[in-house]
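Let's go through a few labels together and see what stands behind each one. Have a look at the model first.

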Amino acid sequence: MTSQFPLAAAPIRISDQVLEDLATRLRLTRWPDDVDNDDWHYGVSRRYLQELVEYWIDEYDWRTAESAINAYAHYRVDVDGVPIHFMRKPGVGPDPTPLILTHGWPWTFWHWAKVIDPLADPAAFGGDPADAFDVIVPSLPGFGFSTPLPKHPDMNFWKVADLWHTLMTDTLGYPKYAAAGCDVGALVTGQLGHKYAEELHGIHIGSGLKLTLFTGDRAWDLSGGQPIPTGLSEPDYRRFLSIERRFAVHLAAHVLEPSTLAYGLTDSPVGLLAWILQRWVKWSDNHGDIETVFSKDDLLTHAMIFWANNAIGTSIRYYANANRYPWTPAHDRVPIIEAPTGITFVGHENPPGVTTPEQRVESWLATDRAGWYNHVNLTAHEAGGHFIPWEVPDAWIDDLRRTFRTRRS
């Protein structure tokens with residue numbers, strides 16, 4: 001078991017005033033006309049969104065969600081002047097390895113909820129207690145309960161990595177630790193594996209991206225300004241377009257004008273819900289029914305964590321800040337990310353022409369991204385979308401354990 005934890009827990013609680021204000025805003029929503037959009041061709045369908053909002057008003061209970069979240073210990077600390085919230089589950093085993101899990105956007109710390117207990121106490125789920133982790137799950141600065149962030153308008157993924165390293169080593173006193181993350185969290189984790197490799201057991205991520213992803217003059221364009229490749233088969237052409245359309249508006253708005261967007265999303269809970277709902281719908285492997293992945297209660301709990309903490313503006317600025325304050329290497333060694341790296345790939349994010357897990361790994365190895373990583377464990381799965389630990393938690397747990405099983409000493 002781990003030694004006595006150095007901090008006193010502080011359960012989370014959203015005030016009654018915030019909840020009352022939210023209820024008033026929801027009831028006063030002014031709805032736009034949304035003719036001929038039941039197929040979501042123009043974006044989020046009013047039919048489903050209004051159904052979800054009515055559920056939010058009449059049936060959803062934040063206090064029930066809050067109670068479930070508070071089943072874990074929560075802490076608030078100041079790290080180099082930045083307010084940090086994190087959740088912890090102590091490891092149960094002969095020598096639990098410290099593990100920090102970093103979420104992305106539009107994620108919250110609660111997107112890790114399905115994997116925390118098995119990672120911390122594997123024996124309780126039929127696993128080997130030697131695989132136990134002491135699990136630390138922070139909210140990114142400017143997200144959730146790691147707010148407000150008025151003195152740090154420049155926050156981005158590589159600056160978070162410095163904060164996480166200080167949190168784990170100085171604040172919490174772990175001499176060495178493991179790190180994992182998805183989406184923006186994969187970039188944070190990759191930076192940890194680049195800059196602090198000697199103090200990490202390794203990293204496990206949900207995508208193998210370059211840390212230069214958001215640099216350059218066309219960071220808002222997934223294609224980098226390149227035309228659609230010629231000679232694609234019809235299925236591959238359609239796949240190419242679907243992937244571009246999945247991210248085009250998202251990246252353009254977040255990189256180019258996050259503040260403009262934030263005014264509406266900060267003032268209207270329905271506007272906020274619509275913007276992040278579109279990402280949950282399009283990015284998850286839901287086969288046309290979002291509630292096979294996220295129940296209404298799940299969707300609203302994640303939305304509440306953004307809304308109640310006035311976090312939407314500071315969260316979406318991460319994209320623009322990765323471009324405005326570009327990543328620069330801490331060393332010139334190769335691979336750039338020296339920490340042993342495991343990666344989980346999922347089927348919903350397969351590039352054009354890839355239809356099997358074996359092809360997905362081969363496809364990634366053929367890219368210029370592979371050379372960035374000291375990759376030791378690459379696994380692809382047929383199922384699963386962008387929210388990997390929520391959508392395919394068992395696969396994520398197995399992959400992560402395999403990455404670290406021989407790298408804990």
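A polar contact is a pair of N or O atoms within 3.5 Å, where one must be able to donate a hydrogen and the other to accept it. Keep in mind that this is a predicted model.

Q: What makes the link between the side chains of Thr344 and Asp399 a polar contact?
A: The two side chains are joined at 2.8 Å, and the cut-off for such a pair of N or O atoms is 3.5 Å. The link therefore counts as a polar contact.

Q: Why is Thr344 called buried?
A: Buried means under 20% relative accessible area. Thr344 has 0% relative accessibility, so the label applies.

Q: Which residues touch Thr344, leaving aside those up to four places away in sequence?
A: Among them are His204, Ile205, Thr379, His381 and Trp396. Thr344 itself sits in strand β7, residues 337-346.

Q: What is the order of the strands in the open sheet?
A: The eight strands run β1-β2-β4-β3-β5-β6-β7-β8, with mixed pairing. What makes β1 (73-79) and β8 (373-381) edge strands is that each pairs on one side only.

Q: How do you know that β3 and β5 pair?
A: Pairing takes at least two bridges. Strands β3 (residues 97-102) and β5 (residues 177-181) have four, in the parallel sense, so they count as paired. Thr102 stands opposite Gly181 in β5.

Q: Which strands does helix α6 lie across?
A: Helix α6 (residues 184-195) lies across β3, β5, β6 (200-205) and β7, at about 155 degrees to β6.

Conventions. Residues numbered from 1 in each chain as written. Predicted model: local features only at pLDDT ≥ 70, side-chain atom pairs only at ≥ 80, totals over all residues. Heavy atoms only, no water. Helix = DSSP H or I, 4+ residues; strand = E, 2+ residues; numbered from the N terminus. Buried < 20%, exposed > 50% of the residue type's maximum accessible area, 1.4 Å probe, protein only. Contact = heavy atoms within 4.5 Å. Axes fitted to C-alpha atoms, helices over the stretch in contact; angles between N-to-C directions.
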